[in-house]
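Hi everyone, and thanks for coming.

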Amino acid sequence: MNKILVATDKPFAASAVNGIKKITEEAGYEFRLLEKYTSKAQLLEAVADVEALIIRSDVVDAEVLDAAKNLKIVVRAGAGYDNIDLASATAHGVVAMNTPGQNSNAVAELALGMMVYMARGAFNGASGTELRGKTIGIHAYGNVGRYVAAIAKGFGMTVYGFDPFVSADVMKADGVIPVATVEELYTKCQYVSLHIPANDKTKKSIGKALLSLMPKGATLVNTARKEVIDEEGLMEVFAERPDFKYLSDIEPGCKEAVIANYAGRFFFTPKKMGAQTSEANNNAGLAAANQIVAFFKDGVTTFQVNK
Ligand code: 3PG
């Protein structure tokens with residue numbers, strides 16, 4: 001009997017856990033749960049004899065894959081899979097998948113929520129600004145970027161998009177103005193919302209050169225990964241531009257310096273929480289369970305990311 005482990009440092013909503021359990025048990029598998037673990041040793045022990053693993057931002061590296069002797073498939077219930085060592089998974093004969101799109105709306109709502117919060121001075125009662133009529137640039141027009149664009153349009157913002165992998169026609173059909181270069185995006189937009197993945201090409205790619213192009217009153221919104229920011233450049237922009245604000249779903253490495261020096265110009269969630277809604281947990285968790293069942297029963301490898 002296949003054993004399916006849900007290993008989530010940051011737990012899913014109970015309804016999602018129950019749904020995953022139901023799907024896996026109805027398929028004839030054994031369901032196991034490891035939540036809020038406090039050491040890697042607990043994870044290494046829990047994976048020892050399971051055939052399938054569902055994770056969130058939990059790190060699956062060579063050590064975990066070495067320990068998981070029977071593992072055939074790991075599904076990251078979410079979009080970004082930078083927490084999985086893909087080369088090692090392939091070397092171990094383990095299929096790695098994600099569940100693209102399933103938690104995107106939750107992340108997008110957080111992006112716009114942080115923007116409203118900052119535009120209204122953290123709801124401190126003083127006079128703030130509105131989003132209507134402002135420009136926003138969607139940096140990477142994937143699943144989350146599309147939701148952000150749609151909600152921003154609802155706010156009456158003018159939406160620009162940059163994504164070398166998405167055709168201009170797709171953006172135009174959504175009422176988004178495509179731009180040809182990333183520099184043009186930052187030059188035109190008072191708000192930029194980041195939706196690029198974290199990989200060797202994108203890490204530290206957002207720094208002073210791009211942020212300095214943004215018009216007065218610039219706000220960078222990061223619900224992607226903190227690793228894509230060049231924090232040295234970010235700190236220089238904070239120092240040189242009193243109008244610049246930074247909103248991030250997770251605290252950056254430079255948080256102490258920002259807190260000490262730039263009050264009122266930032267907001268950081270204490271823990272990554274873009275996808276922390278029961279809806280997103282249900283969508284991504286159940287999709288992960290269904291993908292595992294389809295993989296074992298029919299060999300379906302849709303959404304495999306280490307092909
Ligand atoms: C994702 O990549 O799907 C999001 O960053 C959500 O990550 P989480 O599952 O750790 O909340």
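This is a predicted model: local features need pLDDT of at least 70, side-chain atom pairs count only at pLDDT 80 or more; totals for chains, interfaces and linings use all residues.

Residues are numbered from 1 along each chain as its sequence is written, and side-chain values use heavy atoms, with hydrogens and water left out.

Back to the strands. Helices (H or I, at least four residues) and strands (E, at least two) are DSSP runs, numbered from the N terminus. Two strands pair if DSSP finds at least two bridges between them. S4 and S5, residues 95-98, run parallel and are joined by 4 bridges. On S3, residues 52-55, the pairing with S4 is also parallel, over 4 bridges, and Ala 52 has Ile 73 as its bridge partner in S4. From S3 the chain passes through helix H3, residues 62-67, to S4 in a right-handed β-α-β crossover. Right-handed here means that, with the strands pointing away from the viewer, the path from the first strand over the helix to the second runs clockwise. S4, helix H4 (residues 86-91) and S5 make a right-handed β-α-β unit too.

Which way do the residues of S4 point? Ile 73 and Val 75 point one way, Val 74 and Arg 76 the other, and all are buried. Buried means under 20% relative accessible area, exposed over 50%, and partly exposed in between, with a 1.4 Å probe and protein chains only.

Now to the nonpolar core, a set of buried Ala, Val, Leu, Ile, Met, Phe, Trp, Tyr and Cys residues joined through side-chain atoms within 4.5 Å. The largest one has 32 residues, and among those touching the most other members are Ile 206, Phe 238 and Phe 244. Helix H10 gives this core its largest share, 4 residues. In H10, residues 231-240, the buried residues include Leu 234, Met 235 and Phe 238. The buried residues of H10 pack against helix H9, strand S11, helix H11 and strand S12. A second, separate core of 26 residues includes Leu 131 and Ala 275.

How many aromatic pairs are there? The structure holds 8. Rings of Phe, Tyr and Trp (its six-membered ring) pair if their centres lie within 6.5 Å; planes under 30 degrees apart count as stacked, over 60 as edge-to-face and the rest as tilted. Tyr 117 and Phe 123 have ring centres 5.3 Å apart and planes at 85°, so this pair is edge-to-face. Phe 123 is exposed, at 57% relative accessible area, while Tyr 117 is partly exposed at 27%. Phe 238 and Phe 244 also pair edge-to-face, again at 5.3 Å and 85°. Here Phe 238 is buried at 0%, and Phe 244 is buried at 0% as well.

Last stop: Asn 306, in the segment after helix H12 (278-298). Is Asn 306 buried or exposed? Asn 306 is buried, with a relative accessible area of 9%. Its side chain makes a polar contact with the side chain of Thr 90, at 3.2 Å. Such a contact is a pair of N or O atoms within 3.5 Å; within protein, one must be able to donate a hydrogen and the other to accept it, and residues adjacent in sequence count only if both atoms are side-chain atoms. A polar atom of the Asn 306 side chain also lies 2.8 Å from the backbone oxygen of Val 94.

Notes:
Contact means heavy atoms within 4.5 Å.
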